[in-house]
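Hi everyone, thanks for coming along.

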Amino acid sequence: MYVEHAAGHREGAAGLTTHAPQAAQTPQSVKLPATLDEAVAALAAMPAAVPVAGGTDLMSSVNSGQLRPAALVGLGRISEIRGWQYQDGHALLGAGLTHARMGRPDFAALIPALAAAARAAGPPQIRNAGTLGGNIASAAPTGDALPVLAALEAVLIIAGPGGARREIPVSHLLAGMDMLRPGELIGFVRVPLLHAPQVFLKATGRTGPGRATASVALVLDPARRGVRCAVGAIAPMPLRPLEAEEWVASLIDWDGERGSLVPEAVTAFGEYVATACIPDQPPAADGTEQPLAPAVLHLRRTVAALARRALGRALS
Ligand SMILES: Cc1cc2nc3c(=O)[nH]c(=O)nc-3n(C[C@H](O)[C@H](O)[C@H](O)COP(=O)(O)OP(=O)(O)OC[C@H]3O[C@@H](n4cnc5c(N)ncnc54)[C@H](O)[C@@H]3O)c2cc1C
């Protein structure tokens with residue numbers, strides 16, 4: 001059942017999300033559906049409406065004048081997307097899970113890297129309101145959940161009109177290969193339960209909570225004898241250094257002592273990841289070497305340090 005609120009008049013709408021831009025509509029209203037399908041139906045009934053979960057990103061855009069939604073569909077009362085359930089060796093995470101909820105110990109025991117990212121996502125008031133679905137739909141380069149979901153090769157379950165559901169790998173959405181269509185919502189995120197160490201580390205430009213200048217998520221997947229790593233914040237979407245992953249996975253003694261990797265290999269992995277994500281400049285036309293700018297070099301060193309530490313912790 002919907003709860004509807006009248007709200008003040010606003011003009012125009014500019015989408016800064018993974019949704020296609022939508023046109024303005026007046027008068028403005030706010031709907032608060034109780035199920036995912038009701039929310040989708042509300043969006044279909046008001047094509048200019050914008051979904052809002054915790055509102056932490058959306059209200060920043062409204063306050064700065066970048067976004068003027070003609071109507072809102074609030075997702076906060078949809079209980080089916082506020083928790084998680086187990087499904088064939090995976091966890092099906094509701095898009096409405098808050099960072100605060102994901103940061104709790106029971107969730108950390110399940111998906112440690114996502115819990116670590118949730119604990120690092122802004123100050124407490126943001127973590128209490130901000131959601132997993134909002135983090136994904138905003139697709140900000142600094143979204144802390146995003147490199148973790150990329151490393152876990154998570155899949156989004158998208159709810160569409162008429163009860164339709166379709167699946168998109170999170171990396172496809174973040175790369176813009178498969179966008180949310182008008183009226184669609186992220187309902188759930190399916191992630192594998194790997195039962196192995198996983199790490200999320202983040203560098204910020206300040207002490208205390210802050211947006212990432214670089215972040216690294218690293219997960220071990222013993223069943224597939226794989227190491228998966230994603231670097232966040234340094235590009236529009238998380239970057240996967242696939243060759244570095246394969247190289248280090250081939251050095252690990254998966255049947256014996258995983259921690260037996262020599263420190264030199266751990267350091268080399270950090271360098272490999274950093275150079276893959278922040279490559280050298282191609283030489284100039286006359287063949288002379290083009291050095292990286294000092295700030296870029298610093299960022300590369302930061303990524304190398306994060307990747308080295310993440311692997312060291314995962315193997316310890
Ligand atoms: C001061 C401050 C500090 C922050 N620090 C961090 C940080 O350190 N790390 C970090 O990762 N983020 C940070 N954020 C960003 C923000 O808190 C997160 O991205 C949060 O997860 C957004 O979730 P939300 O529920 O508030 O999204 P909302 O603001 O409600 O929505 C964001 C966008 O997603 C869309 N949307 C929401 N839910 C869905 C859904 N289920 N399906 C489809 N579309 C949807 C909305 O239409 C909107 O376009 C910060 C924000 C602020 C204001």
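Predicted model: local features only at pLDDT ≥ 70, side-chain atom pairs only at ≥ 80, totals over all residues.

The residues of the shell around the ligand divide into 14 nonpolar, 14 polar and three charged. As for numbering, residues are counted from 1 along each chain as its sequence is written.

Back to the ligand. It is surrounded by 31 residues, and the closest are Gly 54, Gly 122, Gly 130, Gly 133 and Gly 134. A residue is near the molecule here if its C-beta atom, placed from the backbone, lies within 6 Å of it. Which elements supply at least two residues each? They are β3 (49-52), α2 (56-63), α6 (124-129), α7 (132-138) and β9 (185-192). The largest share, five residues, comes from α7. Helices (H or I, at least four residues) and strands (E, at least two) are DSSP runs, numbered from the N terminus.

Now the domains. The chain is divided into domain 1 (4-77), domain 2 (80-192) and domain 3 (198-315), with bounds from an automatic or database domain assignment. Why does the ligand lie between domain 1 and domain 2? Because both of these domains give residues to the shell around it.

Let's move to domain 2 and domain 3. Their centres, taken over C-alpha atoms, are separated by 23 Å. Across this interface, 19 residues of domain 2 are in contact with 23 residues of domain 3, where contact means that the C-beta atoms, placed from the backbone, lie within 7 Å. On the domain 2 side, the elements giving two or more residues are α5 (112-119) and α8 (145-151), and α8 provides the largest share, five residues. That side divides into 15 nonpolar, two polar and two charged residues.

Next, some strand pairing, which requires DSSP to find at least two bridges between two strands. Strand β2 (residues 29-31) pairs with strand β4 (residues 71-74) in the parallel sense over two bridges, and Lys 31 stands opposite Val 73 in β4. β3 and β4 also run parallel, joined by four bridges; here Val 52 has Gly 74 in β4 as its bridge partner.

Is Arg 166 buried or exposed? Arg 166 counts as exposed, because it has 12 C-beta neighbours inside 10 Å. The cut-offs are 20 or more other C-beta atoms within 10 Å for buried, 12 or fewer for exposed, and partly exposed in between, with C-beta atoms placed from the backbone. Leaving aside neighbours within four places in sequence, Arg 166 is in contact with Ile 158 and Gly 160.

Finally, the whole chain. It has 12 helices and 12 strands. Its radius of gyration is 21 Å, close to the 20 Å that the globule rule gives for 316 residues, so the chain is as compact as a globular protein of that length. That radius is taken over C-alpha atoms, and the rule is 2.2 Å times the number of residues to the power 0.38. Buried residues make up 44% of the 316. Thanks, everyone!

Key. Contact = placed C-beta atoms within 7 Å. Nonpolar A, V, L, I, M, F, W, Y, C, P; charged D, E, K, R; others polar.
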